[in-house]
Amino acid sequence: METRCACTNMIVAAVLAMVCVGPPTHGFSVHPRVEEEMVMWKHEGDGDVDYYRTPLITPGPDGSLVAVSAGHKLNRLDADSKLLAIRRSVDGGRNWQSTDFIIDDGVATDGLNPGALITDHVTKIMMLLYGHCLHTCSKPTLYMVKSHDNGVSWGKPVDLSKQIGYFVFAPGPGYGIQKQYPPHQGRLIACGHGTIALDGVLCIYSDDHGGSWRIGAEIVGIPYSAGKAEGDLCPDENQLVELNDGSILITIRNQCRYHARARMLARSYDGGETADLKDLRIVENLIEPVCAGSMLYVEEYDVVFHSNPLNDTYRVNMTLSWSYDHGYTWNVVDRLQVWPGPSGYSCLTAVPGKPHHIGLIFEQGRSGDGTGPTAIEFITLMLIDLRPT
């Protein structure tokens, strides 16, 4: 009986630890507020594009900001023909160059799906990973394009499936990382997910600046290689960050609502080569309606930021949450509600040249519950000041 009580107390303590938060121990605190808002892309805004979806953003090697989104030609469904749209800012996100289209999949009924932006700060090369024909093809393909001029121009697509295999791998959506700390300092890592039947987190990595790629960490769905039901383990779209101890933290869409309508977090301690199931956690106060989310580690404050529609049913209420202890606990008292209305996929970024600021780009609608034709009307960028007013 004493053993059972002790175990019960430990479990209760662990659960409380995931939903409560205390003041930071390092002396820094953040007070995020939206400083500026701008529309990056809008519904029926450019030529053949009907909807813009799946925004990505990351700093380039020169300190510019590079944003990418999928321009859907016919509808906002995943299996649609698309263009990859790109915009750049050289002044910390205040002003943006006009949209360029760097990839066009023609009239494919199951076209391209972004993806993950990666910046190699050693070679000064940017990479964009994206999937093609992920929903209907027997040989879905992972492609990579590179930019040697900070995102201004991009080379021809390279077929990475020749290296890792022809199976469904949908990177991100968001950004990949280059490790700044041991182990495996300098390694490039991108994480993504597979099909529903084989759904799970999968990471790939490169130790030669994107020349070759290998399969790394996996967290498979359960039951494996089988159809899934509500409550099964179905890790899905995800975003990784590196912390200042060299470990990797991954936020994961909880596709089948395993244990809760809330996000999952996983960790890797060997540079993205493995991720142990025993480190998988359900963060019950990071509720979600089954949607992609984003994460960003700001070393200056030693704070992890997280963005997602904070609602357990509908894609509404884009919210910024933060953790002072590397994701073990999350602030539930004074989170920042970025937008109360329809809110979808998002991506967080550092803002070069603007200390104490981060950026949040996301799918935004003006009205409704996130399910109708007004669910995604804009791709919007928010510049957020972390300092108190």
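Q: Why is Asn317 called buried?
A: In this predicted model, Asn317 has a relative accessible area of 15%. Buried means under 20%, so Asn317 counts as buried.

Q: Where does Asn317 lie?
A: Asn317 is part of strand E22, which covers residues 316-323.

Q: What makes the pairing of the Asn317 and Gln337 side chains a polar contact?
A: The two side chains are joined at 2.8 Å. The cut-off is an N or O pair within 3.5 Å, so the distance qualifies.

Q: Which residues are in contact with Asn317, leaving aside its neighbours within four places in sequence?
A: Asn308, Pro309 and Leu310 are in contact with Asn317, and so are Gln337, Trp339, Pro340, Gly341 and Ser343. Contact here means heavy atoms within 4.5 Å.

Q: Why does Thr54 count as buried?
A: Its relative accessibility is 9%. The limit is under 20%, so Thr54 is buried. Thr54 sits in strand E2, residues 51-59.

Q: What is the omega of the peptide bond from Ile222 to Pro223?
A: Omega is about 5°, and the bond is cis. Pro223 lies in the loop between strand E15 (214-220) and strand E16 (235-242).

Q: Where is Pro173 placed?
A: Pro173 is in the loop between strand E10 (170-171) and strand E11 (174-175). The peptide bond from Gly172 to Pro173 is cis, with omega near 5°.

How values were computed: Residues are numbered from 1 along each chain as its sequence is written. This is a predicted model: local features need pLDDT of at least 70, side-chain atom pairs count only at pLDDT 80 or more; totals for chains, interfaces and linings use all residues. Side-chain values use heavy atoms; hydrogens and water are left out. Helices (H or I, at least four residues) and strands (E, at least two) are DSSP runs, numbered from the N terminus. Buried means under 20% relative accessible area, exposed over 50%, partly exposed in between (1.4 Å probe, protein chains only). A polar contact is a pair of N or O atoms within 3.5 Å; within protein, one must be able to donate a hydrogen and the other to accept it, and residues adjacent in sequence count only if both atoms are side-chain atoms.
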